[in-house]
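Hello,

Here is the structure I promised to pass on. My notes follow below it.

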Amino acid sequence: MSAVAATATELGPYAGLGHRFGVRCDHPGVAAYLEAAFATLADPAADSPPGWYALSGIDDRLDLTYDGEVLAEDASARRAVGMLTWHVNRCAIDSATADHVVVHAAALARDGHVLMLPAAMEAGKTTLAAGLIDRGWAYLSDEAAALTRDGRRVRAYPKPLSVDPGSQHLLDDWAPPVPADAPSSLRAGQWQVPATSRAGGRVVADGPLGGIVLPRYEQGAETRLTPLARAVTVARVATCVFAWQGPQLRWRFEALASAVRRSRCAELVVGDLDAACATIERWWEEGM
Amino acid sequence: MTGSSDTIDAAFVPQRRDDVAVEELDDELVVLDERTGRLHVLNPTATVVWQCLDGDADLATLAVELATAFGAEADAVRADLLTLARQLADDGLLVGFEPDSPEPGDDEPPDAPPRLLTPPPPT
């Protein structure tokens, strides 16, 4: 494994929930790609971060470590960046579970309140978040919404939106620019796109929870939103809560119930992205 | 001692477990069994029944009381009570009963890590 060269670019400091980190990268093209992708996690007021990722290599072969722990060796840039973003996600979520209810959810804000979109993998959270950002909603996350212990507020984890290949045809103008000197493998696979790269795209740090919509993508289905009883919503959202086990379970349950109690709740079958966004907006405006 | 819900009949005296966490939302209850992490949603009718399951009265007596209170047919109420009591017993929410084990692949064991994060990219 090669060491990061002395000429490495230092990126950061960054903060994802409680995970504070920097990135050292000696590949100029990959460094430029990451600097753009992680823009919304930048924490310029912070001191030197406690943890450092190191990316080192040439052409399209890179090693990735975190504080000396090897995360990927001799990997393509696409895989190394994918592993880096996965590790950042995992650490960010782990950093918040002690004092938040961390829900696997996208979160956006409008009118001073937060809409949470809890769902399992592949349910279309990122795609919906992207569609709503393009309609002027502020961004909190496409992956994790951290509810405070009193259930009143949602804290943002504004990672770059991770657009899977299966959704890219719906968001073709979201393709991030790849620096000319970046490895070719970064032009394929999952896109990492900061919300602020979009016209009017903006991030909010937190906000009071106003609504919960559980989305589910169904190919070819008619898009429809159905109000959901709050008790059922608690049970459904709980399946999306990280660390739903152990001695911390009771306060997480109480915080989740408190959050749901003050929210409007619905489930959404998504057959068409534009229709889904319009449906959410109508429902949101009815409740304001 | 753990019982089988098959043994529950009108003479059964049900007692809700008091070591579960309960939240009421819009006349419905969500009951958390902290041993398993499972949540159980009780509709408004089941919520009323749950609050009556204090270990003092058998199902036949409860059926008469609830039928009187709600102006319903006692036999129908007794049948519904039996069904609900057996379900609550199967869910491990009554004293003396353990929850049914999930079918393989039907649920996560209580100590399984959440499978929520996208797995790391393949090699």
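Helix H5 of chain A covers residues 249-261, 13 residues in total. From first C-alpha to last it reaches 18 Å, close to the expected 18 Å (1.5 Å times one less than the number of residues). Helices here are DSSP runs of H or I with at least four residues, strands are E runs of at least two, and both are numbered from the N terminus.

This is a predicted model: local features need pLDDT of at least 70, side-chain atom pairs need 80 or more, and totals for chains, interfaces and linings use all residues. Residues are numbered from 1 along each chain as written, chains are lettered from A and ligands numbered from 1 in written order, and side-chain values use heavy atoms, without hydrogens or water.

H5(A) is largely enclosed by the rest of the structure, because 10 of its 13 residues are buried (under 20% relative accessible area; exposed is over 50%, partly exposed in between; 1.4 Å probe, protein chains only). Among them are A:Trp251, A:Arg252 and A:Phe253.

Next, a helix pair. The axes of H1(A) (residues 28-37) and H2(A) (residues 77-96) come within 12 Å and cross at roughly 35 degrees. Axes are lines fitted to C-alpha atoms over the stretch in contact, with angles from 0 to 180 degrees between N-to-C directions. A:Val30, A:Tyr33 and A:Leu34 of H1(A) meet A:Ala77, A:Val81 and A:Leu84 of H2(A) (heavy atoms within 4.5 Å).

Last, a loop residue. A:Glu222 sits between strands E13 (206-217) and E14 (224-227) of chain A. A:Glu222 counts as exposed, at 64% relative accessibility.

Best wishes
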